[in-house]
Amino acid sequence: MKLFEWTKKIAVGIDTIDEQHKKLISIINDLNEAMKARKASEVIGNILQELSDYTVYHFGNEERAFDKYNYPKKEEHKALHKIYVDKIAEFIERNKKSELGISINVLDFLIDWITNHIMKIDMQYVPFFSDKEIG
Ligand SMILES: [Fe+2]
């Protein structure tokens, strides 16, 4: 069973961003599966790299939209993104040191990201962008 399933309830209505949110959900499901199969240590390096790339293109997309239309909550939203970027960098460092058991920390972190960021903070910008053109 998948840990998370993307549904229309968490659609932001901007195709690129919704596709990227689906991607994040697929990353967490992959990590969860790997952990169940006791293969997390084999995939965690790749997953952290994917997450690091993800923060660049995905937060970049959101933040460009915020700047383009001067989204009123853009500064606080960007500050939250920065926390995710820093946390991933920290996980990458810990993984380089071959620290054991970080997969569960990464999984918890992703659960928090999806439930508190995507499902709450990102949802706040949906009404603001609903009548705007985002490329
Ligand atoms: Fe966001």
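Q: How does Asp 67 count by its relative accessibility, as buried, exposed or partly exposed, and how do you know?
A: In this predicted model, Asp 67 has a relative accessibility of 38%. Buried would need a value under 20% and exposed one over 50%, so Asp 67, at 38%, counts as partly exposed.

Q: What makes the contact between Lys 78 and Asp 67 a salt bridge?
A: The closest N and O atoms of Lys 78 and Asp 67 are 2.8 Å apart, and the rule asks for a side-chain nitrogen of Lys or Arg within 4 Å of a carboxyl oxygen of Asp or Glu. The pair therefore qualifies as a salt bridge. Because Lys 78 lies in helix α3 and Asp 67 in helix α2, this pair ties together parts that are eleven residues apart in sequence.

Q: Which residues are linked with Asp 67 in a network of salt bridges?
A: Asp 67 is linked in such a network with Lys 74 and Lys 78. By the rule used here, the count comes to eleven salt bridges.

Q: Why is the pair Glu 33 and Lys 36 called a salt bridge, and where does it lie?
A: The N to O distance between the two side chains is 3.6 Å, and the cut-off is 4 Å, so Glu 33 and Lys 36 meet the criterion. Both residues lie in helix α1 (residues 15-36), three residues apart, about one turn of the helix. Glu 33 has a relative accessible area of 39%, which makes it partly exposed, whereas Lys 36, at 52%, passes the limit of over 50% and counts as exposed.

Q: How do you know that Glu 93 and Lys 96 are separated by about one helical turn?
A: Glu 93 and Lys 96 are three residues apart in helix α3, and that spacing is about one helical turn. Their side chains meet in a salt bridge at 3.2 Å, N to O. Glu 93 counts as partly exposed at 39% relative accessibility, while Lys 96, at 61%, counts as exposed.

Q: Which residues coordinate the iron ion, and what makes them donors?
A: The iron ion is coordinated by Glu 62 (OE), His 77 (NE2), His 81 (NE2), His 117 (NE2) and Asp 122 (OD), at 2.1 to 2.4 Å. Donors are N, O and S atoms within 2.8 Å of this metal, so the listed atoms qualify. Along the chain, the donors follow the spacing E-x14-H-x3-H-x35-H-x4-D. Glu 62 in helix α2 (residues 40-69) and His 77 in helix α3 (residues 74-96) are 15 residues apart, and the pair links distant parts of the chain. Both Glu 62 and His 77 are buried.

Q: How do you know whether α2 is roughly parallel or antiparallel to α3?
A: The two helices pack at an angle of about 165 degrees, with their axes 10 Å apart. Angles over 145 degrees count as roughly antiparallel, so α2 is roughly antiparallel to α3. The crossing of α2 past α3 is left-handed. Residues of α2 that meet α3 include Leu 48, Phe 59, Glu 62 and Asp 67, and among their counterparts in α3 are His 77, Lys 78, His 81 and Phe 91.

Q: Is α1 roughly parallel or antiparallel to α4, and what makes it so?
A: Helix α1 and helix α4 (residues 102-121) pack at an angle of about 150 degrees, with their axes 10 Å apart. That value lies over the limit of 145 degrees, so α1 is roughly antiparallel to α4. The crossing of α1 and α4 is left-handed. In their contact, α1 contributes residues including His 21, Leu 24 and Met 35, and α4 contributes others, among them Leu 107, Trp 113 and Ile 118.

Q: What is said of the phi of Arg 38 and of Ser 98?
A: Most residues other than glycine have a negative phi. Arg 38 has a positive phi of about 55 degrees although it is not a glycine, and Ser 98 likewise has a positive phi of about 55 degrees without being a glycine. Arg 38 is placed in the loop between α1 and α2, and Ser 98 in the loop between α3 and α4. With relative accessible areas of 78% for Arg 38 and 54% for Ser 98, these residues are called exposed because both values are over 50%.

Notes
Residues are numbered from 1 along each chain as its sequence is written. This is a predicted model: local features need pLDDT of at least 70, side-chain atom pairs count only at pLDDT 80 or more; totals for chains, interfaces and linings use all residues. Side-chain values use heavy atoms; hydrogens and water are left out. Donors are N, O and S atoms within 2.8 Å of the metal (3.2 Å for Na, K and Ca); water is not among the atoms, so sites may look incomplete. Helices (H or I, at least four residues) and strands (E, at least two) are DSSP runs, numbered from the N terminus. Buried means under 20% relative accessible area, exposed over 50%, partly exposed in between (1.4 Å probe, protein chains only). Axes are lines fitted to C-alpha atoms, for helices over the stretch in contact, and angles run from 0 to 180 degrees between N-to-C directions. Angles under 35 degrees count as roughly parallel, over 145 as roughly antiparallel, 65 to 115 as roughly perpendicular and the rest as oblique. A crossing is left-handed if the near helix is turned anticlockwise from the far one by less than a right angle, and right-handed if clockwise. Contact means heavy atoms within 4.5 Å.
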